[in-house]
Amino acid sequence: MEPQLIKGNEAVVKAALLAGCRAYYGYPITPASEIVEMAALYLPEVGGVFVQAESEVAAINMLYGGASAGVRAMTASSGPGISLMQEGFSYLAGAELPCVIVDMMRGGPGLGGIGPEQGDYFQIVKGGGHGCYRNLVLAPASVQELVDLTMLAFELADRYRNPVVVLADGSVGQMMEPVSFPEPRPVPAAPAWAVTGTAATRQNLVSSIHLEPDVLEGHIRALEAKYREAERSEPRWETWRVEDADIVLVGYGIVGRVLRAVVETARRRGIRAGLLRPITLYPFPTRAIRALADSVRDFVVVEMSTGQLVEDVRLAVEGSRPVETYGRVGGNIPTVEEVLQFVERTILVGARVPLEVSPNGQ
Amino acid sequence: MASDTPAMAVVHGRSPIFYRRFDRKDDDQHQTHYCPGCGHGIVTKLLAEAIDTLGIQDRTILVSPVGCSVFGYEYLDVGNIQVAHGRGPAVATAVKRSRPDSIVVSYQGDGDLAAIGTAEIVHAANRGETVSVIFVNNAIYGMTGGQMAPTTLLGEKTTTTPRGRDPAVHGYPLKVCELLATLEAPVFLERVALGSNKQIMATGRALRRALENQVHGLGFSLVEVLSPCPTIWGLDPAEAQTFVRETMTRTFPLGNFRDRSASAVPQRLAVTVPDLGELPRILGLGPASGVDGASDTVAPASPVPTADHRIVVAGFGGQGVLLLGEFLAEAGLSAGYHVSWLPSYGPQMRSGTSNCHVRISAVPIDSPVVSRPNVLIALNEPALRKFLPSMEPGGLVLYNADSVPVDCAGSGAGITPIASTAIADRLGSAKVGNVVMLGALLEATGMLPDSALERALHRLVTRERWYELDRAALQAGRAAVRRMTAAPAEPSLAQDPAMG
Amino acid sequence: MDEARDRGAVAIDRDECKGCGLCVEACPPRVLRLSGELNHCGYHPAEYLGAGCTACGICYYVCPEPGGITVLRRQVA
């Protein structure tokens, strides 16, 4: 459809409905509140369910209920609310329920601030709930990508019977950008395992409890097998000018866009820079980064946290190359100028191998 | 043996709602996991009988909690969902809302419902969810081994009240039916007990009523069952039954606390499901139509290839700061540019100041944050002072005033005073001051074609009155800049006949 | 008591019974007792004395086990 200027938080609801989502449960929080408002406006219009929950704890458990009943369902929140939801994340993964959760990250810890941050990476990507489980995590960098990845999230959730988190910082939800929406997709029928209150589904059970050690171990191994499959099939990333790069910048979400401008400016200054922007944070594009390590001298990870993404990059590089880290927090988005300064300093001071700086890095 | 006698027929026997064998159990699949004399077994049996009597086995969905009744799904041959501690009412809410033909039963104990899940039960009841809740109150935490429950009696010794429950330290037994009876929405609230044959039969009737109400779509029903826990209480089953009957009921009086079964009206909402093809229209994704109903299909655009407008609009809330930014972004999009719009948000937006960042660029936009603006629209003095230092040298500043503060004048950026609020006042509403500024910006820079602005107005302004006023404001802003260019020394807008 | 004239009878699944004794206490004609023998779980299961049942069903309702007790009634021809 024709591009239209739309706010991220509004677009995410429209994308979800186009993807067949027909239930939303949520609790308002800055900077995600427009999502619950849009859901309240539109869900009833499409014959769906909207409930303003009494808390994020209730919201995530309603999500558990809706998913159990075989409905494409979602919720959204930001840091403090997402923390409250962690119990539910674990149960959803344990009971293998497909659902979509949007986290419009803000500054923490505690009440923190409401400006954009990426400090929820550990909580979401590494698993903030108890037990051996993973969320599939998608990290949009623009409002268009927020739409595309939200729609993909519902597909992945169904394919892997697992929660999928759309992890963006608050600016992505708050900003307006042009978006081309795809055509609506049919609402899928309830999956065969769902509990819908019919004769056909009477024997179904949704549960995460397995008290026998061997049975629980088998269950966890089965979850693990799904995650291994996701690691094989689902990593998504974008690269930009990495073919001849000496330095590769790594950043996700809004930072990925800043880094693209950094690459362009750096190249004009004779530095052969490139960019790798992870689009899936779990599964992480480990192999893509490992492959780059063969040709790249330095990695610079830039994120809106004090160093969370950098751990995954270091694991991918396996110590074969230096991985520097630069972060801004508290609601600040790194600027092109300051990242460029850091990159230049990394070349002069941090690089273990003398770097050839050609007069024209283009 | 009597059962071998052909003249005898079964009048009370294993309910067909129970699985024949409890295959989901790890061992002893012919019996429940409950202790001898446990009330849960009796409640489950009465529940099974009610389901059978009402003929709702296929439709029933049992929500099993955490606690001794965690394994409800091992016994009842109905749809089963096992949930997190205390969250049954939230799960039940969602299941029932999406599957209104199902009969949803949330089975909960006193820790589950009255401690960890207090918020969920109160709000599900207050929303009047059409679900049936069975609340088994045995005044103790059974599964974890005998700790205090919110319903533990005063003086009762538990592993966490080793000296007895002292109200000064532990508070009082929580009376759930009384609490919920303060709410408007519940249809049926009743406290029953398992303390005698008669009480057990009354419990069966109450459970049936709670389910029947749901069958009739009548809203929220809850049955609280005072129930024995012989093992943890350290009593034999018969003594425990006596304790329920003679002691528990003194703290928790039996009776009905709400019964609107006869007067309540079915709450089911009429749901219309539109055709898939209707979705784009419903979501406002089709071509927009403004006040005159015409489409605003984008005309072929010819963006300036070097364009990189990094704009900050700032002022106080109510000046239309965010909308001015939106006009610019929308017009930029119409003119074929890449655009982004990022507002300040949250408390600071409500406490007075407001700003937004707009980028209009010939190339894809890296960051929506404008840290070094080349255009600043300052709608008041604090905004001017806040953002002036970040301006790119040679940038353009439009300032809502008759004159520029002396100490700002030498800042390096060209500050143009446009008394946009005053101009808007004369047009009839201070609210269009933002559009006056928009006109001034376009006149001063020519950054966007008129046609793009027309389309932006068309899309964003849906009321006739404002549409005309905004068009006038746009022209007034342009005129103000033209006058300044003509007579830069001493602009005096008041003398403009057009403004009069 | 004459079994042939009894209105009802009780059948107890001795391996399902946990010997809680609630049925014994509840039975109005007092025709149930706990067996002196142990079942496979190690409980003394309830047993029917063999005569005097009125088929009132109370033992069925006080029994916590789903199929521990079955109550039968003599059919009127």
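Q: Is Glu443(B) buried, partly exposed or exposed?

A: Please note that this model is predicted. Because its relative accessible area is 27%, Glu443(B) is partly exposed.

Q: With which residue does Glu443(B) form a salt bridge?

A: In general, side chains of opposite charge can pair when their charged atoms come close. Here Glu443(B) forms a salt bridge with Arg482(B), and the closest N and O atoms are 3.5 Å apart. The two residues lie 39 residues apart, with Glu443(B) in helix H16 of chain B and Arg482(B) in helix H18 of chain B, so the pair links distant parts of the chain. Arg482(B) is also partly exposed, at 42% relative accessibility.

Q: Which residues form salt bridges with Arg290(A)?

A: One partner is Asp294(A), with the closest N and O atoms 3.6 Å apart. Another is Glu318(A), where the corresponding separation is 3.0 Å.

Q: How accessible are Arg290(A), Asp294(A) and Glu318(A)?

A: Arg290(A) is partly exposed at 29% relative accessibility. Asp294(A) is exposed at 61%, and Glu318(A) is exposed at 57%.

Q: How many salt bridges does the structure hold over all chains?

A: The structure holds 53 salt bridges over all chains.

Technical notes:
Residues are numbered from 1 along each chain as its sequence is written. Chains are lettered from A and ligands numbered from 1 in the order in which they are written. This is a predicted model: local features need pLDDT of at least 70, side-chain atom pairs count only at pLDDT 80 or more; totals for chains, interfaces and linings use all residues. Side-chain values use heavy atoms; hydrogens and water are left out. A salt bridge is a side-chain nitrogen of Lys or Arg within 4 Å of a carboxyl oxygen of Asp or Glu. Buried means under 20% relative accessible area, exposed over 50%, partly exposed in between (1.4 Å probe, protein chains only). Helices (H or I, at least four residues) and strands (E, at least two) are DSSP runs, numbered from the N terminus.
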